[in-house]
Amino acid sequence: MDLQKEPCQYLEVQFSVPWGQVSGKLWGKPTGQPVLLLHGLLDNCGAFDRFISLLIGDYYILAIDLPGHGLSSYFPAGQPIDLLHFVIAAKFVIDEIKWHRFSIIGHSLGGLIGIHFSSCFPAFVEKLIIIDAISHRPFIDEKHVLFSIRLWIEEFMTLDERLQKHHQPVYSYQEAFHKLTNRDSYVTAEAAKILTERSLKKTENGYVFRMDQRLKMNLFPALCTSVMTDALEHIRCRVLFIYSTERHEVYKDLFKEIYSIISTKPNFIVQVVHGNHEVHQNSPERIVKLIDEFFMKNSKL
């Protein structure tokens with residue numbers, strides 16, 4: 001692990017992985033509760049900056065740029081990207097920092113990574129906090145998983161051919177900033193400005209997005225209800241699910257069987273906060289108290 005001191009409250013860190021590096025920010029002192037932060041799709045670890053600054057508990061926080069995001073390396077070329085690739089990346093990072101017991105906070109895609117990591121490695125995870133995550137699209141029907149995988153591969157082959165022929169789009173700063181603020185769920189100008197520090201790269205002709213274009217593909221080609229329910233059933237730690245008012249009812253209607261487990265399992269807690277999918281960036285004060293209180297409670301079931 002390589003550390004670079006910055007003139008602020010955190011350290012810039014880089015972790016070596018077989019395909020390059022995973023970058024991130026390390027906040028707090030090693031004596032605090034270790035917490036891994038996993039951001040959502042097409043964001044970066046800066047998405048948690050404002051949120052972290054409001055926490056009052058004693059934490060040792062590692063917020064990483066997921067591979068293909070921010071300052072982290074892309075996954076190896078020549079292959080599509082799947083959710084489990086991110087779980088593997090998180091395991092590489094945890095092994096290097098030598099955390100044997102820690103908590104996870106994940107937003108959206110980061111929440112799904114947290115769920116699967118916690119179900120695969122339950123002994124590692126003390127507490128899990130999921131912010132607005134089940135899936136951003138309906139799960140695959142179990143009868144159509146192989147067909148879904150075939151479409152996924154074909155989509156990748158088409159994208160890979162196009163990427164080899166075309167350069168990344170170049171934008172003015174204003175155009176790029178507009179793209180960050182006007183997404184499926186609105187991001188405030190203050191939050192977007194933080195994201196630009198790691199999402200944009202300046203070139204001679206303007207700005208390009210650092211993100212891996214393969215991230216625009218389906219990252220869950222084989223994720224069906226039975227896989228997700230099995231993952232949830234294998235989680236042993238206490239879990240806090242925080243849903244925004246924008247997504248809560250949608251998730252309840254779209255994923256009835258999944259939501260039934262989330263809302264009834266004894267070690268799972270559900271809270272709903274006012275805001276959109278990016279509430280942790282736009283209005284972090286609405287969720288930090290819930291998280292601080294959750295961490296203060298005894299982790300033993």
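Contact means heavy atoms within 4.5 Å. All views below show a predicted model.

View 1. Tyr59 belongs to strand β5, which covers residues 59-64. Leaving aside residues up to four places away in sequence, Tyr59 touches Trp27, Gly28, Lys29, Gly32, Gln33, Val35, Ile291, Asp292 and Phe295. The relative accessible area of Tyr59 is 8%; since buried means under 20%, Tyr59 is therefore classed as buried. His100 stands 41 residues from Tyr59 in sequence, and the two C-alpha atoms are 15 Å apart in space.

**View 2. Packing of helices α2 and α3.** Helix α2 comprises residues 83-97 and helix α3 residues 109-120. Their axes lie 9 Å apart and meet at an angle of about 70 degrees. Angles of 65 to 115 degrees count as roughly perpendicular, and α2 and α3 are therefore described as roughly perpendicular to each other. On the α2 side, the contact is formed by Leu83, Leu84, Phe86, Val87, Ala90, Lys91 and Ile94. On the α3 side, Leu109, Leu112, Ile113, His116 and Phe117 take part. Sorted by class, the residues of this contact are ten nonpolar, one polar and one charged.

View 3. Ser108 is placed in the loop between β6 (102-107) and α3. The phi angle of Ser108 is near 55 degrees, a positive value in a residue other than glycine. For context, most residues other than glycine have a negative phi. With a relative accessibility of 16%, Ser108 counts as buried.

**View 4. Asp132 in the loop between β7 and α4.** The loop that holds Asp132 runs between β7 (125-131) and α4 (145-165). Asp132 has a phi near 50 degrees, again a positive value in a residue other than glycine. Asp132 has a relative accessibility of 1% and so counts as buried.

**View 5. The largest pocket.** About 800 Å³ of space is found in the largest pocket. The lining consists of 40 residues, and those nearest the centre of the pocket are Leu41, Leu42, Asp43, Arg183 and Asp184. Helices α3 and α5 (173-181) each contribute at least two residues to this lining. By class, the lining has 16 nonpolar, 14 polar and ten charged residues.

**View 6. The second largest pocket.** The second largest pocket holds about 360 Å³ of space. It is lined by 19 residues, of which Tyr74, Leu163, Gln168, Asp212 and Gln213 are the closest to its centre. Eight residues of the lining are nonpolar, six are polar and five are charged.

**View 7. The largest cavity.** Rolling a probe the size of a water molecule over the atoms shows where empty space is left. The structure contains one cavity of 30 Å³ or more, and the volume of the largest cavity is about 40 Å³. Its lining is made up of Gly46, Ala47, Phe48, Asp49, Arg50, Ala191, Ile194 and Gln281. Two or more of these residues come from each of α1 (49-54) and α6 (189-199). The lining of the largest cavity divides into four nonpolar, two polar and two charged residues.

Technical notes
Residues numbered from 1 in each chain as written. Predicted model: local features only at pLDDT ≥ 70, side-chain atom pairs only at ≥ 80, totals over all residues. Heavy atoms only, no water. Axes fitted to C-alpha atoms, helices over the stretch in contact; angles between N-to-C directions. Helix = DSSP H or I, 4+ residues; strand = E, 2+ residues; numbered from the N terminus. Parallel < 35°, antiparallel > 145°, perpendicular 65-115°, else oblique. Nonpolar A, V, L, I, M, F, W, Y, C, P; charged D, E, K, R; others polar. 1 Å grid on protein atoms, 1.4 Å probe; cavity = no way out; pocket = protein on both sides within 12 Å on 5 of 7 lines; lining within 4 Å. Points joined across faces, edges and corners; volume = space filled by probe spheres on them. Buried < 20%, exposed > 50% of the residue type's maximum accessible area, 1.4 Å probe, protein only.
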